[in-house]
Amino acid sequence: MLYNQIIKHAALPAAERPSPMHKKVTIYDIAREAGVSTATVTRVVSGNPSVKPATREKVQRVIDAYAYTPSASAQQLERGQSKTLAVVMPEISNPYFNSIFTAAYEEAEANGYSTWLFQIQENKPIPRELVDLLIGRSMDGVIFAGGIWSTARSGLSEALSRLKHHMPVATICPPTMQPDCICIHSDLVSCSRLPVRHLHALGHRRIAFIGGSMHLRDNSKRGENFLEELRALDLPDDPAYHVDSGFDAESGERAVLRMLSGLEKKRWPTAIIAFNDLMALGAIKQLKQMGLRLPDDMAIIGCDNQFFCPYTDPPLTSVDLHPAELAQSAVRELLVAREGTAKPFTMMREATLIVRESCGARLGYQKRT
């Protein structure tokens with residue numbers, strides 16, 4: 001509609017044109033009216049001598065007619081700077097990803113940058129339109145978090161190949177492939193080792209792992225490391241104790257029900273490690289419905305150390321992957337790379353076990369058969 005208004009009034013003498021307009025004219029409107037590119041408009045505004053006199057006069061007439069003044073963001077865009085970072089991740093309803101985005105947003109803001117969030121559903125390809133948008137908006141960097149950066153995700157290699165020529169790229173996820181970018185991730189070996197060794201030290205021998213998927217390479221690392229740690233401690237690695245089930249609380253309920261329903265009670269595990277805290281929540285609910293006392297009859301440990309862990313019943317022991325610190329580091333490294341002073345690298349952050357009551361630490365060591 002605005003474009004039509006400009007065309008209509010351009011035929012009128014300057015004195016008869018309505019000014020100021022009710023709707024702010026943008027650089028795109030000026031470019032359309034003058035029949036030039038937005039870059040040409042910007043060069044005219046900035047006094048760049050490379051513009052031909054006839055073109056400059058034509059553009060200047062349109063600028064004067066509508067009292068156009070360029071915004072700071074338009075000027076930054078012309079210089080190849082948007083002062084904006086993009087964060088691409090799965091649905092932010094998961095508290096873990098919420099923590100990453102919040103920390104990235106705050107760190108970017110503290111450095112004078114804004115942040116755009118893009119969410120891509122599980123198993124969906126990286127849209128070519130998204131890559132076009134990031135490049136077209138001259139983003140100063142992009143962060144891919146979680147399962148977005150998955151070797152199985154369609155369009156990933158093409159997206160990386162195009163983006164890295166226009167902006168620095170950082171990932172917050174395991175380095176399951178060797179991307180030519182900044183890779184910041186948690187130590188998934190310690191993520192599995194810490195809870196297994198802690199439970200072993202409390203006397204547990206039958207330890208189960210629920211959640212994730214052994215069929216997805218990126219998600220299977222925790223499960224694989226869990227099995228390796230069992231073998232290192234000479235603990236049984238019964239396949240019945242490893243249940244693929246998903247990532248949310250309902251998946252935790254189902255995993256516990258499927259596992260315990262398929263075993264004689266004397267073969268039940270005495271402790272469960274959940275892929276994340278949401279799964280642990282569901283597992284706690286199902287275990288209580290089955291009449292088990294926690295942690296007396298069953299110990300449980302989650303992962304992510306979410307805000308609700310101290311408030312569950314019993315308070316949930318969890319592995320802290322430090323998502324906020326990972327996001328802050330990713331933003332800082334992007335800003336350094338934006339200045340052309342950094343090369344792609346991989347940085348790992350060790351996980352931390354936060355001990356609360358659900359693991360049975362207060363009960364001390366107990367010999368269990």
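Helix 13 buries P323, L326, A327, S329, A330, V331, L334, L335 and A337. Here, buried means under 20% relative accessible area, exposed over 50%, and partly exposed in between, with a 1.4 Å probe and protein chains only. The model is predicted, so local features need pLDDT of at least 70 and side-chain atom pairs count only at pLDDT 80 or more, while totals for chains, interfaces and linings use all residues. Residues are numbered from 1 along each chain as its sequence is written, and side-chain values use heavy atoms, with hydrogens and water left out.

Helix 13 covers residues 323–338. Helices (H or I, at least four residues) and strands (E, at least two) are DSSP runs, numbered from the N terminus. The 16 residues of helix 13 reach 22 Å from first C-alpha to last, close to the 22 Å expected at 1.5 Å a residue. That expected span is 1.5 Å times one less than the number of residues. G340 follows helix 13 and has a positive phi, near 75 degrees.

Strand 1 spans residues 84–89, and six of its six residues are buried. T84, A86 and V88 point one way; L85, V87 and M89 point the other.

Strand 1 has parallel partners. Strands pair if DSSP finds at least two bridges between them. Six bridges join strand 1 to strand 2, residues 114–119. Three bridges link strand 1 to strand 3, residues 142–145. V87 stands opposite L117 in strand 2, and its bridge partner in strand 3 is I143.

Strand 1, helix 6 (residues 95–110) and strand 2 form a right-handed β-α-β unit. Right-handed means that, with the strands pointing away from the viewer, the path from the first strand over the helix to the second runs clockwise.
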